[in-house]
Amino acid sequence: MIVKPNTSEDEVLDNTLRPQKWEEYIGQEQVKRNVKVIIEAAKQRNEPPEHLLFYGSSGLGKTTLAYLIAKELNVEMKITSGPAIERPGDLAAILTNLKEGQILFIDEIHRLNRTCEELIYPALEDYKLNIIVGKGPMARTLEIKLPKFTLIGATTRIAQLTSPLRNRFGAIFQLKFYTVEEIGQIIERSAKILNVEIEKEAIETIAQRSRFTPRIANRLLKRIRDFAQVESDGIITQEIAEKALEALEIDELGLEPADRKILETIIYKFDGGPVGIQALAASLSEEVNNILEVYEPYLLQLGLIKRTPKGRVVTEAALKHLKIKPKNRLL
């Protein structure tokens, strides 16, 4: 594993915990099955696989899938993100430096500049790059041939992808939230890699509060490991796990202070809703995208809020969880 000089300790650990083989990638069985067929068919035809698009909430394993595909094909993978490609020249530099069969992974591809997006269309279809040289009457189009490559895109907001870009992917897969059992298996595997002893009851406790997301499960495991090391003999027991989670202000449903603040704001400031996303974001002094991408998917998954044509509304389950006595206007 290559570690960059400015890589933080947590990033090093994240890379260590990342599955290195298909057998180690837990969950998303249907997606894995389809991707394996695409890869095997491409290998038999001796050509790069079709361009792939993965979408779903943050931390569900989109980047890990790209790593596994590159490893299975035994090719290098160039990694970038939509916001990092600001100008057509940036994209041209990336594409012209690709090698035959290489994979280009673009994270948060929905944030790709529209001018850059139009430039990438012929690259995806015909492996050509058309660049306009000069201005006015002297302008001419320079066509550059590109090696055959595979683009793997990842996004948390597939609705923000334009139809022309979305239609150029050969296969589109949605990554769904994991089950508590699958998260438990991930925690058990990660604990072995971190060389930390953990009780079965502690695994269940952490899994139930991991928001059905592997990245969060691993993050909590690392923080609880710190508590076990400092306040115990290094063994993660259920008692230590609950004590650490309480200190981190993560309740039995996995809600963090920001989640509870969203629910309480809708309840107390907007009488339980409905409230528009802009008004809610303004009341919380929070970015709209943070609410849509980070907090709302999990609250919707738990059934604590629901979307209506008029806005967000809290449910009776949210009132019950927060131990707030419902008023008629909240139901």
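Trainee: At what angle do helix α7 and helix α8 pack?

Mentor: Keep in mind that this is a predicted model. Here α7 (residues 180-193) and α8 (residues 200-208) pack at an angle of about 120 degrees, and their axes are 9 Å apart.

Trainee: What do you call that arrangement of α7 and α8?

Mentor: Angles of 65 to 115 degrees count as roughly perpendicular and those over 145 as roughly antiparallel. The α7 and α8 pair is therefore oblique. As for handedness, α7 passes α8 in a right-handed crossing.

Trainee: On to the strands. Which way do β2 and β3 run, parallel or antiparallel?

Mentor: Parallel: five bridges join β2 (residues 77-81) to β3. For a spot to look at, find Lys-78, which stands opposite Leu-104 in β3.

Trainee: What other strand is joined to β3 by bridges?

Mentor: That's β6 (residues 150-155), joined to β3 by four bridges and running parallel with it. Ile-103 has Thr-150 in β6 as its bridge partner.

Trainee: How many residues of β3 are buried?

Mentor: In general, side chains in a regular strand alternate between the two faces of the sheet. In β3 (residues 103-107), four of the five residues are buried, so to speak mostly covered.

Trainee: Last one: how far apart are the end C-alpha atoms of α9?

Mentor: They're 25 Å apart, which agrees with the 26 Å that its 18 residues (214-231) should span at 1.5 Å a residue.

Trainee: And which residues of α9 are buried?

Mentor: An α-helix has 3.6 residues a turn, so residues three or four places apart point the same way. The buried ones in α9 include Ala-217, Leu-221, Ile-224 and Ala-228.

Conventions: Residues numbered from 1 in each chain as written. Predicted model: local features only at pLDDT ≥ 70, side-chain atom pairs only at ≥ 80, totals over all residues. Heavy atoms only, no water. Helix = DSSP H or I, 4+ residues; strand = E, 2+ residues; numbered from the N terminus. Expected span 1.5 Å × (residues − 1). Buried < 20%, exposed > 50% of the residue type's maximum accessible area, 1.4 Å probe, protein only. Pairing = 2+ DSSP bridges. Axes fitted to C-alpha atoms, helices over the stretch in contact; angles between N-to-C directions. Parallel < 35°, antiparallel > 145°, perpendicular 65-115°, else oblique. Left-handed = near helix turned anticlockwise from the far one by under 90°.
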